[in-house]
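Me: I'm new to this one and would like to learn how to read it. Could you walk me through it, feature by feature?

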Amino acid sequence: MQNDVRPESMKRIDTKALADAFIEEQIKEIKNQVKDKKVLLALSGGVDSSVVAALLIKAIGKQLVCVHVNHGLMRKGESEQVVEVFKNQLDANLVYIDATDRFLDKLAGVAEPEKKRKIIGGEFIRVFEEEARKLEGISFLAQGTIYPDILESDGVKAHHNVGGLPDDIHFEGLVEPVKLLYKDEVRVVGKALGLPSSMVDRQPFPGPGLGVRCLGAITRDRLHALREADAILREEFDKNGLAGKVWQYFIAVPDFKSVGVKDSKRYEGWPAIIRAVNTNDAMSATIEEIPYDLLHRITDRITAEVDGINRVLYDLTPKPIGTIEWE
Ligand code: XMP
């Protein structure tokens with residue numbers, strides 16, 4: 001697709017048949033553009049890059065090289081799922097890089113939210129560039145750009161795209177097969193391509209990942225506690241039918257402790273803060289009213305199963321006045 005403007009005549013892709021037709025057309029276009037050359041893709045495991053990967057695998061197979069950078073700030077099981085789906089099931093050419101130590105070392109002692117974001121974004125580009133340089137004969141860069149990214153590329157949400165085009169690496173061109181699609185259409189296409197619902201129907205997840213939810217200066221033990229508590233919240237939302245209903249939900253863990261008691265002994269721990277919001281456009285958000293019995297169950301599980309957490313709090317603040325993320 002050469003054009004960045006969605007033609008008015010373009011039908012909204014909301015059925016499997018329309019998705020299948022879109023996929024066929026894109027496969028032709030991709031083959032035509034790429035021919036026998038190689039394409040590089042930063043595969044985060046988010047909806048957009050995952051759908052682009054699946055589409056390109058279908059079109060050009062092993063000519064696609066996917067690079068998954070695990071920045072150590074993924075949710076529990078996420079990087080493993082990327083490897084399982086793309087390497088094991090779809091037999092993709094996938095380079096998996098565990099850069100956890102690199103990111104966490106750079107972030108050590110940094111408490112300021114925007115500084116943390118800059119470090120994570122900057123380091124991501126550097127790791128990706130280093131890998132790109134090691135690979136021989138790559139001609140194209142694929143990106144999971146979607147239509148709202150084009151409409152919003154006025155700078156307001158620039159921070160939302162971690163990664164981007166490395167400046168000093170020359171590519172013959174970009175491959176952006178879903179750039180005229182809205183998010184819901186990307187999901188329909190992803191399903192038609194056979195990607196699992198846990199990947200295609202994922203709630204939004206910030207590029208800096210758990211980095212902006214492990215509040216203040218990140219430490220490994222608190223990050224671990226956050227990841228485990230978040231996994232319990234997700235599991236309970238899945239089990240209780242809230243996962244498909246609530247727009248975004250997660251745990252944030254601040255960098256202070258309170259006094260508690262466990263086995264009759266003083267037990268100092270961090271609080272886990274539950275956030276569960278609904279919104280249409282992320283510009284404003286309302287609070288999901290989680291049933292009290294479920295809140296109790298989540299509290300009991302987190303405090304019993306996660307080392308270092310001794311309280312669970314429920315954030316009732318809408319946006320505005322609070323933003324969705326705490327940082
Ligand atoms: P806020 O916190 O601004 O978040 O109310 C609105 C939406 O944007 C997501 N978000 C981010 N996404 N990089 C991202 O890719 C970021 O730095 C970032 N900060 C916030 C947030 O999760 C919510 O969906």
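Me: Let's start with one residue. Not counting residues up to four places away in sequence, what does T279 touch?

Reply: One thing to keep in mind first: this is a predicted model. With contacts, you set the sequence neighbours aside and look at what remains. For T279, that leaves W247, S284, A285 and I324.

Me: And where is T279 placed?

Reply: Look in the loop between β8 (265–278) and β9 (286–287).

Me: Is T279 buried or exposed?

Reply: The idea is to compare the relative accessible area with a cut-off: buried means under 20%. T279 has 12%, so it counts as buried.

Me: Which backbone atoms does the side chain of T279 reach?

Reply: There are two to find. The backbone nitrogen of D281 is 3.2 Å from the T279 side chain, and the backbone nitrogen of A282 lies 2.8 Å from a polar atom of that side chain.

Me: W247 came up as a partner of T279. Where is W247, and what is it in contact with?

Reply: W247 sits in the loop between α9 (220–239) and β6 (248–252). Leaving aside neighbours within four places in sequence, its contacts are Q203, P204, V277, N278, T279, A282 and I324. Its relative accessible area is 29%, so W247 is described as partly exposed.

Me: I324 is on both contact lists. Which residues are closest to the ligand?

Reply: I324 turns up there too: the closest are R117, Q248, K319, I324 and E325, among 13 residues that surround the ligand.

Me: Which side chains bring a polar atom to an oxygen atom of the ligand, and at what distances?

Reply: For this, you look at pairs of N or O atoms. Q248 has a polar side-chain atom 2.8 Å from an oxygen atom of the ligand. For K319, an N or O atom of the side chain is 2.6 Å from a ligand oxygen, and for E325 the corresponding distance is 2.5 Å. As for cover, the ligand has 500 Å² of accessible area on its own, and the protein covers 88% of it.

Me: How do the shell residues divide by type?

Reply: Five are nonpolar, five are polar and three are charged.

Me: Which domains does the shell draw on?

Reply: Both domain 1 (16–200) and domain 2 (213–314) supply at least three residues each.

Me: How far apart are those two domains, and how many residues are in contact?

Reply: You can read this in two ways, from centres and from contacts. The C-alpha centres of domain 1 and domain 2 lie 29 Å apart. As for contacts, 14 residues of domain 1 meet 13 residues of domain 2.

Me: Back to single residues. Where does E78 lie, and what is it in contact with?

Reply: E78 lies in helix α3 (residues 78–89). Apart from neighbours within four places in sequence, E78 is in contact with R202 and F205. The side chains of E78 and R202 are joined by a polar contact of 2.8 Å. With a relative accessible area of 6%, E78 is buried.

Me: Now the backbone. Where is there a cis peptide bond?

Reply: Check the omega angle. K319 and P320 are joined by a cis peptide bond, with omega about -15°. P320 itself is in the segment after β10 (309–314).

Me: One more: where is H296 placed?

Reply: In helix α10 (residues 292–305). H296 counts as partly exposed, at 49% relative accessibility. V312 is 16 residues away from H296 along the chain, and their C-alpha atoms are separated by 9.3 Å.

Notes:
Residues numbered from 1 in each chain as written. Predicted model: local features only at pLDDT ≥ 70, side-chain atom pairs only at ≥ 80, totals over all residues. Heavy atoms only, no water. Near = heavy atom within 4 Å. Polar contact = N/O pair within 3.5 Å; in protein donor to acceptor, adjacent residues only side chain to side chain. Areas by Shrake-Rupley, 256 points an atom, 1.4 Å probe, with all protein chains shown as cover. Nonpolar A, V, L, I, M, F, W, Y, C, P; charged D, E, K, R; others polar. Domains from an automatic or database assignment. Helix = DSSP H or I, 4+ residues; strand = E, 2+ residues; numbered from the N terminus. Buried < 20%, exposed > 50% of the residue type's maximum accessible area, 1.4 Å probe, protein only. Contact = heavy atoms within 4.5 Å.
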